[in-house]
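Thanks for coming. I have one structure to go through today, so let me put the sequence and the model on the screen.

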Amino acid sequence: MRFLQTLLHQAVRIEPDAAEDERGRFERSFCAREFATAGLPAAFVQHSQSCSFAKGTLRGMHFQKAPHGESKLVRCLRGCVWDVIIDLRETSPTYLHWQGFELASSNRHQLYVPEGFAHGFQTLCDDVEMGYLISTPYAAEFSSGVRHDDPAFGIVWPLPIAAISSRDLGWPDYL
Ligand SMILES: Cc1cn([C@H]2C[C@H](O)[C@@H](COP(=O)(O)OP(=O)(O)O[C@H]3O[C@@H](C)C(=O)[C@@H](O)[C@H]3O)O2)c(=O)[nH]c1=O
């Protein structure tokens, strides 16, 4: 696995190191030893998947509030997405900055999202499946978010929104 620093402090993009032969390909999607060597805390307790039907669907921008903060290892299992993270850690040198990444089942890139970030994505095709390893059990009452179009961040999304939850439309202004 190749661990590549992103523009956001401590957020890491991970590219696979595949072994290929006449049968196809083999690669690790997670390896505790390699994550430890890269200095990434990786005690995951939950694996979640979501399926989005339509191109242009937007989910986000989500996080869990303290003391149930979570880190995530995100990948696209089918199709492709524009995946976005925002650094919401007030003491971070990249506080309020966002960055977007194309995660696709074809490129098999993953994103390590540290605790204290908001995370979301927009699907770039129909029938998209996403998978996440998550460090903290789901705690509904601590589940929170910021709006995809909040002027505090100015995120640029690639497509008109085809579907979004009413909850995600209703997050108040962050600042
Ligand atoms: C996230 C989550 C949701 N749920 C329930 C709550 C609700 O009834 C239903 C759908 O939840 P949501 O609308 O929050 O699903 P979704 O918008 O797909 O939420 C996900 O969005 C992306 C961007 C993330 O980063 C994920 O961590 C997660 O927050 O599933 C769980 O039971 N466990 C979970 O871990």
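This is a predicted model: local features need pLDDT of at least 70, side-chain atom pairs count only at pLDDT 80 or more; totals for chains, interfaces and linings use all residues.

Strand 10 has another partner. Strand 2, residues 12-15, is also antiparallel to strand 10, with 3 bridges between them. In that pairing, Val12 has Tyr112 as its bridge partner.

For the chain as a whole, 30% of the 175 residues count as buried.

Next, the ligand. Around it are Ser48, Ser50, Arg59, Gly60, His62, His119, Gly120, Phe121, Tyr132, Tyr138 and Ser165. Strand 5 (46-52), strand 6 (58-64) and strand 11 (117-123) each give two or more residues to that shell. Sorted by class, the shell has 7 polar residues, 3 nonpolar and 1 charged.

Last, the overall fold. The chain has 13 strands and 2 helices. Its radius of gyration is 16 Å, close to the 16 Å from the globule rule for 175 residues, so the chain is as compact as a globular protein of that length. The C-alpha atoms fill a box of roughly 50 × 35 × 30 Å along the principal axes. Of the contacts between residues at least 6 apart in sequence, 79% join residues at least 24 apart.

Notes. Residues are numbered from 1 along each chain as its sequence is written. A residue is near a molecule or strand if its C-beta atom, placed from the backbone, lies within 6 Å of it. Helices (H or I, at least four residues) and strands (E, at least two) are DSSP runs, numbered from the N terminus. Ala, Val, Leu, Ile, Met, Phe, Trp, Tyr, Cys and Pro count as nonpolar, Asp, Glu, Lys and Arg as charged, and the others, Gly among them, as polar. The radius of gyration is taken over C-alpha atoms; the globule rule is 2.2 Å times the number of residues to the power 0.38. A residue is buried if 20 or more other C-beta atoms lie within 10 Å of its own, exposed if 12 or fewer, and partly exposed in between; C-beta atoms are placed from the backbone. Two residues are in contact if their C-beta atoms, placed from the backbone, lie within 7 Å. Two strands pair if DSSP finds at least two bridges between them.
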